[in-house]
Each structure stands twice: as C-alpha cells, then as structure tokens.
Amino acid sequence: ADAHIAAVEAARPLNAFIVETPDHARAAAERADAALADGSAGPLAGIPLGIKDLFCTAGVQTTAASKILEGFVPTYESTVTAKLFADGAGMLGKLNMDQFAMGSSNETSAFGNVVSPWRSAGSNRPLVPGGSSGGSASAVAARLCAGATGTDTGGSIRQPAAFVGIAGIKPTYGRCSRWGVVAFASSLDQAGPMARDVRDCAILLKSMSGYDPKDSTSLDLPVPDFEAALTGDLKGLRIGVPREYRLDGMDPNIAALWDQGLAWLRDAGATVVDVSLPHTKYALPAYYIVAPAEASSNLARYDGVRYGLRVTPEGGNLADMYEATRAAGFGPEVKRRIMIGTYVLSAGFYDAYYIQAQKVRTLIARDFANAFEACDLLLTPTAPSAAFAAGDKSDPLEMYLNDVFTVPASMAGLPAMSVPAGLSPSGLPLGLQIIGPALGEAAVLNAGYAIE
Ligand code: GLN
C-alpha cells in the first residue's frame with residue numbers, strides 16, 4: 001500500500017484522482033496482514049484499488065466530477081465497492097472522470113482533464129486517456145493502483161482501456177448492482193473492472209458481480225469463477241466478424257490490427273465466420289437519444305435541496321434557486337444532454353425520437369441474437385482511432401463518433417471487453433473488442449486471454 005500511495009502522490013500531474021484516501025488503503029493492508037496470518041484472507045486482501053468517483057463511498061466525497069455534487073459525502077457505500085472491500089481490497093482514492101460519465105476523453109470533468117501517461121513518438125503533447133473512466137484508465141496504466149472500477153454506459157470502460165493499453169470489461173447488464181452508483185442512463189449503466197491484464201479483470205469482476213435486492217435490475221444468478229475459465233484454448237469456438245463494423249475510410253492500422261486479432265484467435269483454435277448486424281449504423285444516433293433522455297430524468301434530482309451545491313440568488317424564490325444552482329453546478333456537456341433529453345421526451349417529439357430510438361434498440365438486440373446463432377463471440381476494434389490530444393475534438397458530434405464500435409453492445413446489454421492488442425505507428429496502444437452473448441463473460445474473458 002505504501003508504494004502505491006507514494007506513486008499516487010508522485011503522479012499528481014496526471015490529475016487521475018479527485019480525492020486521495022491513503023488511510024483507507026493502509027487500513028486494508030493492515031487487515032490483510034492479520035488475515036493472511038490467521039488464514040481468513042479474502043481474494044483481494046490488501047489490494048489497493050482506485051474507485052471511479054461515480055461510486056458512492058461512505059464518508060468519502062463523491063462528486064461524479066461535477067460541481068453540483070462538490071462536498072457531497074454519502075453516508076452509504078455502493079454495493080460494488082462494498083463487495084470489493086469485503087473481499088479485502090483497499091481504496092487509494094476517488095478517480096477523476098467525465099462529468100456524470102458523459103464524454104469520451106475526460107475533458108468534461110469539473111476537476112480538470114485527466115492526462116494519459118502515454119505520448120506519441122516524437123511529441124510531448126498531452127493525450128487524453130479516453131472517457132468517461134479516464135482517471136481509472138490513467139491510474140491503472142501508470143501503475144498507481146492494481147486495478148480500478150469503471151462504469152460503461154456506451155463504452156466508458158472499453159474505450160479508455162483501449163487508449164491506455166489496459167484491459168477492461170463491461171459485463172452483461174444486471175451482472176453488477178447499480179445501487180449506490182450515480183445514475184447516468186439507468187437502462188445502460190453497468191459497472192466493471194479495469195486492470196493491467198485479463199486475469200486481474202476476471203478476479204475483480206467476480207468480486208463485483210452478484211444479485212443485489214437493492215437493484216431490481218440486478219440478475220439473481222450464480223456468478224461463475226471467471227478466472228477458472230482462462231485456459232486460452234478456443235478449440236471449436238466460432239468468432240464472428242460483423243461486416244458493418246468495417247467502416248468506409250477505416251484507419252488501415254485499425255483494420256490490420258483487427259486481422260491480426262483474428263489470426264491470434266485462429267491460432268488458439270477458433271474458426272472465423274462473417275456475420276451481419278444490419279442495424280449497426282442506427283445504434284449511435286439511437287444511443288444519443290436514449291442516453292440523454294434517461295439522463296435528463298435522472299439529473300432532475302439535483303435541485304439544490306437534496307445534495308451538494310445550492311445557489312440562492314438574493315430576493316429569489318424556489319424556482320430561482322433551482323435555476324441558479326443548476327446553471328452553476330452542471331458543466332456544458334451535461335447541460336447539452338439535459339436539453340437533448342428533455343426535447344426528445346417532450347410531448348410533441350416523444351413518438352418521433354424516443355419511441356423510435358427504443359424500437360431501433362430492439363432491432364439492434366435482435367441483430368446480435370441472430371448473429372449469435374452463427375457464432376459464439378464477436379471480434380471488432382474497440383475504437384476507430386488511437387488516443388488523441390486534448391482539445392482535438394471540440395465538436396461534440398465528432399466526439400460522439402468515437403463511440404461507434406462500443407455503443408451497439410451497450411444498447412443490447414451484452415458483455416464486451418477491450419484487450420490491449422498492439423501499437424499504432426506512433427507507438428500508442430490500440431485495443432480489440434470482444435462481444436459475447438448475454439451472461440457470456442467467461443467466454444469473452446477467455447478470448448481476451450488468448451489475445452493479450
Ligand atoms: N462516450 C459516451 C457518452 O458520452 C459513453 C459514456 C459512458 O459510457 N459513460 O455518452
């Protein structure tokens with residue numbers, strides 16, 4: 001723990017942590033020493049983790065990287081962090097992120113950008129770590145913590161993992177409890193681990209998963225021993241290549257990496273088949289209706305009364321207080337999402353946008369179900385590019401396009417992971433994505449294990 005605490009302090013220029021909690025990590029290490037001596041040690045005894053600041057942590061400020069929650073100290077622990085701590089893990093601190101998990105580059109945090117520990121060959125320009133779990137990505141890649149929690153609504157575990165060369169898995173929707181996780185888009189949000197390799201992800205995911213009566217969407221099913229599934233043997237497995245993911249104008253390096261990934265899976269015994277997911281091109285526009293719609297509803301609770309910030313204009317009434325608090329507390333991307341969300345849910349446009357997007361969502365889920373008749377897993381790139389420099393994507397639409405490969409699995413609630421698979425010509429990490437059928441995490445992890 002002490003070595004990690006010192007590393008966290010030395011790496012403050014990365015801005016990966018919003019709050020550091022060295023005492024929490026030290027206490028876990030002390031408990032681990034005692035537990036190892038008397039044989040009662042849990043599977044994560046003394047392991048120092050970083051916790052994304054979207055998870056409520058008892059007695060430790062939780063902000064979702066927004067000014068509107070600054071100073072909010074939950075009295076309760078999220079189910080996922082409670083499970084990790086019960087298995088012996090300690091917390092090094094709360095990790096920076098995109099505000100309310102909205103973003104793909106960690107540039108929307110109210111606490112400043114997170115910087116990636118990577119640089120392009122021959123350049124010293126700071127690169128983004130991806131988002132929204134950018135602090136988690138940067139902290140794990142810089143070896144500040146052994147692993148971290150992330151959350152993924154449309155790619156926020158997988159894309160940052162790819163940008164910094166680590167592994168990360170979004171499990172099946174419902175595998176991890178959302179209780180105590182600040183809500184963005186509740187029908188899409190899932191917690192998952194980010195770690196140096198696939199084995200660490202398997203161990204952390206086992207600890208994080210499981211039924212929770214406090215989350216009615218959590219799955220009441222046994223959690224497999226994910227680590228035991230890591231054999232690297234893919235004999236008899238059919239890997240599908242969705243042809244719609246081969247975008248026009250795709251970066252040739254990404255295409256080559258994809259082919260290389262397929263070759264590795266063949267070497268491990270798998271066969272490769274072509275499949276079609278015909279509604280892929282509608283996934284991104286439908287996501288950017290469904291996610292903001294749910295966000296606008298979820299974020300209505302930040303009213304200056306119940307949590308964090310309150311701004312009271314002189315002589316104003318209650319409505320003035322709401323307005324002033326929300327105007328000062330939410331960042332520009334959050335306001336954009338709330339406005340899109342309220343628009344698509346408004347009486348005049350509900351059928352044209354929201355209902356239509358929900359229908360598209362069903363078609364996307366059906367595409368995957370059909371594809372999984374012909375194959376066991378899908379392999380695709382995680383992101384259309386390597387990490388970019390901060391400030392390079394100032395147009396929100398261009399930023400949203402970065403989620404093109406990750407969003408479809410989110411819309412269908414399927415497990416998907418990113419594994420580090422190679423380097424771009426300028427020496428930056430690139431990731432491959434494995435998508436599985438519902439509850440197929442063990443197979444997804446094993447294919448990732450064969451690649452890494
Ligand atoms: N980049 C996507 C968005 O901004 C996904 C974010 C996420 O998965 N939390 O909505």
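A crossing of two helices is called left-handed if the near helix is turned anticlockwise from the far one by less than a right angle, and right-handed if clockwise. Helices (H or I, at least four residues) and strands (E, at least two) are DSSP runs, numbered from the N terminus.

Before the details, two remarks on the model. This is a predicted model, in which local features need pLDDT of at least 70 and side-chain atom pairs count only at pLDDT 80 or more, while totals for chains, interfaces and linings use all residues. Residues are numbered from 1 along each chain as its sequence is written.

I start with H8 and H11. H8 passes H11 in a left-handed crossing. Helix H8 covers residues 280–298 and helix H11 residues 350–374; they pack at an angle of about 125 degrees, with their axes 9 Å apart. Axes are lines fitted to C-alpha atoms, for helices over the stretch in contact, and angles run from 0 to 180 degrees between N-to-C directions. H8 and H11 are therefore oblique to each other; angles under 35 degrees count as roughly parallel, over 145 as roughly antiparallel, 65 to 115 as roughly perpendicular and the rest as oblique. From H8, Ala286, Ile289 and Val290 are among the residues that meet H11, whose side includes Ala357, Arg361 and Ile364. Contact here means C-beta atoms, placed from the backbone, within 7 Å. The residues of this contact divide into 11 nonpolar, 1 polar and 1 charged. For these classes, Ala, Val, Leu, Ile, Met, Phe, Trp, Tyr, Cys and Pro count as nonpolar, Asp, Glu, Lys and Arg as charged, and the others, Gly among them, as polar.

The second pair is H6 (residues 198–208) and H14 (residues 441–451), whose axes come within 9 Å and cross at roughly 160 degrees. H6 and H14 are therefore roughly antiparallel to each other. Their crossing is left-handed. Val198, Cys201, Ala202 and Leu205 in H6 meet Glu441, Leu445, Gly448 and Tyr449 in H14. By class, that contact has 6 nonpolar, 1 polar and 1 charged residues.

Now the sheet. It is open and mixed, with 11 strands in the order S1-S3-S2-S4-S6-S5-S10-S11-S9-S7-S8. Strands S1 (17–20) and S8 (271–275) stand at the edges, each with a single partner strand, so one side of each has no neighbour in the sheet. Strands pair if DSSP finds at least two bridges between them. S5 (residues 167–170) and S10 (residues 416–423) run antiparallel and are joined by 3 bridges. Isoleucine 169 stands opposite methionine 417 in S10.

Conventions:
Contact = placed C-beta atoms within 7 Å.
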